[in-house]
Amino acid sequence: MPILSAPSITPQQCRDAFNLFEKDGALTTDNFKYAVLALGLGEKSDEECSVMINEAIGGSSSNTNDKKNKKNNKNNKKDDGDADGVSNSIHYNAFEKMCLEKAPSWEQDLENVFTLLNVSGSGKISQADLKEMARKIGENDADPIINQMIVEADVNDKDGEVNFDEFKKITLLSAELPKGRQPSRPGQSRNVGDDEY
């Protein structure tokens, strides 16, 4: 299913994160780590940020050609919009490319959420799992909603629990994925670009 291999981060989200943290049109190591954290790419140390920035702009601090690359990048910074000649700074184009390459796929994101909701570790989400998760977030009167969620999602084997395939189906049917990437309901054809299904 090609939709599930698409990055879970959109170019617009990259742009928003970049704009939120950029200074003078670039992200330095200090604000880069907040931008990638905002995109859900995890908390990074200053060293990890420097490595990611250097990789994104095509350099390496141990590379003997790094000075030449920095000079070329500095001379071309207004044209390529990637690097400003300083190895701890990145411009938007390189930032977006790096984020989209490092972003987990929709499938990976779904697997992570499924694992989080499967509190018991049984490989299926049960009513008890959802009740425990609801309790953790302070929703103590969620039983009717939880029961309805299980009934709606448990479509394959009707065992009162939701396996990953069932979770994936119900999640994708209700998700607001980027335009042109929304799945169709089983038996329904979709045209790319349709806003509703």
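A residue is called buried here when its relative accessible area is under 20%, and exposed when that area is over 50%. The structure described with these words is a predicted model.

## Overall make-up

The protein chain has 10 helices and two strands. Read from the N terminus, its elements follow the order α-β-α-α-α-α-β-α-α-α-α-α. Of the 197 residues in the protein chain, 35% are buried. The accessible surface of the protein chain is about 12000 Å², and carbon and sulfur atoms account for 48% of that surface. Contacts can also be sorted by distance along the sequence. Among those in the protein chain between residues at least 6 apart, 51% join residues at least 24 apart.

Helix α6 has the buried residues Tyr92, Ala94, Phe95, Met98 and Cys99. These residues lie on the same side of α6, because they cover an arc of only 165° around the axis. An α-helix has 3.6 residues a turn, so residues three or four places apart point the same way. Lys97 and Glu101, in contrast, are exposed on the other side of α6.

What covers the buried residues of α6? The cover includes the helices α1, α2 and α3 (46–56), together with the strands β1 (27–28) and β2 (89–90).

A pair of aromatic rings is described by the distance of the centres and the angle of the planes. The count for this structure comes to six aromatic pairs. Two of them are set out below.

| Pair | Centre to centre | Angle between planes | Type |
|---|---|---|---|
| Phe18 and Tyr92 | 5.4 Å | 75° | edge-to-face |
| Phe32 and Phe95 | 6.0 Å | 80° | edge-to-face |

Phe18 belongs to helix α1 (residues 11–21) and Tyr92 to helix α6 (residues 92–102), so their pair ties together parts that are 74 residues apart in sequence.

Tyr92, at 9% relative accessibility, counts as buried. Phe32 is buried at 0% relative accessibility, and Phe95 is buried at 0% as well. One aromatic cluster is formed by Phe18, Phe32, Tyr92 and Phe95.

The charged end of Arg15 sits over the ring of Tyr92, at 3.5 Å from the ring centre.

## The loop between α1 and β1

Asp24 is found in the loop between α1 and β1, and Gly25 has its place in that loop too. Asp24 counts as exposed because its relative accessibility is 81%. Gly25 counts as partly exposed, with a relative accessibility of 32%.

Leaving aside neighbours within four places in sequence, Gly25 is in contact with Phe18 and His91. Phe18 is also a member of the aromatic cluster described above. The C-alpha atoms of Gly25 and Ile90 are separated by 8.7 Å, while the two residues are 65 residues apart along the chain.

## Positive phi angles

Most residues other than glycine have a negative phi. Asp24 is not a glycine, yet has a positive phi of about 55°. Lys158 is another residue other than glycine with a positive phi, near 50°. The position of Lys158 is in the loop between α9 (143–153) and α10 (164–174). With a relative accessibility of 60%, Lys158 counts as exposed.

## Ser126, a buried loop residue

Ser126 is found in the loop between α7 (106–117) and α8 (127–136). Is this residue buried or exposed? Ser126 counts as buried, because its relative accessibility is 11% and the cut-off for buried is under 20%.

What does the side chain of Ser126 reach? It reaches the backbone nitrogen of Asp129 at 3.1 Å. Beyond the neighbours within four places in sequence, Ser126 is in contact with Ile150 and Glu161.

Methods: Residues are numbered from 1 along each chain as its sequence is written. This is a predicted model: local features need pLDDT of at least 70, side-chain atom pairs count only at pLDDT 80 or more; totals for chains, interfaces and linings use all residues. Side-chain values use heavy atoms; hydrogens and water are left out. Helices (H or I, at least four residues) and strands (E, at least two) are DSSP runs, numbered from the N terminus. Buried means under 20% relative accessible area, exposed over 50%, partly exposed in between (1.4 Å probe, protein chains only). A polar contact is a pair of N or O atoms within 3.5 Å; within protein, one must be able to donate a hydrogen and the other to accept it, and residues adjacent in sequence count only if both atoms are side-chain atoms. Contact means heavy atoms within 4.5 Å. Rings of Phe, Tyr and Trp (its six-membered ring) pair if their centres lie within 6.5 Å; planes under 30 degrees apart count as stacked, over 60 as edge-to-face and the rest as tilted. A charge sits over a ring if NZ of Lys or CZ of Arg is within 6 Å of the ring centre and within 35 degrees of the ring normal. Accessible areas come from the Shrake-Rupley method with a 1.4 Å probe; for residues, only the protein chains shown count as cover. The arc is that of the directions from the helix axis to the C-beta atoms.
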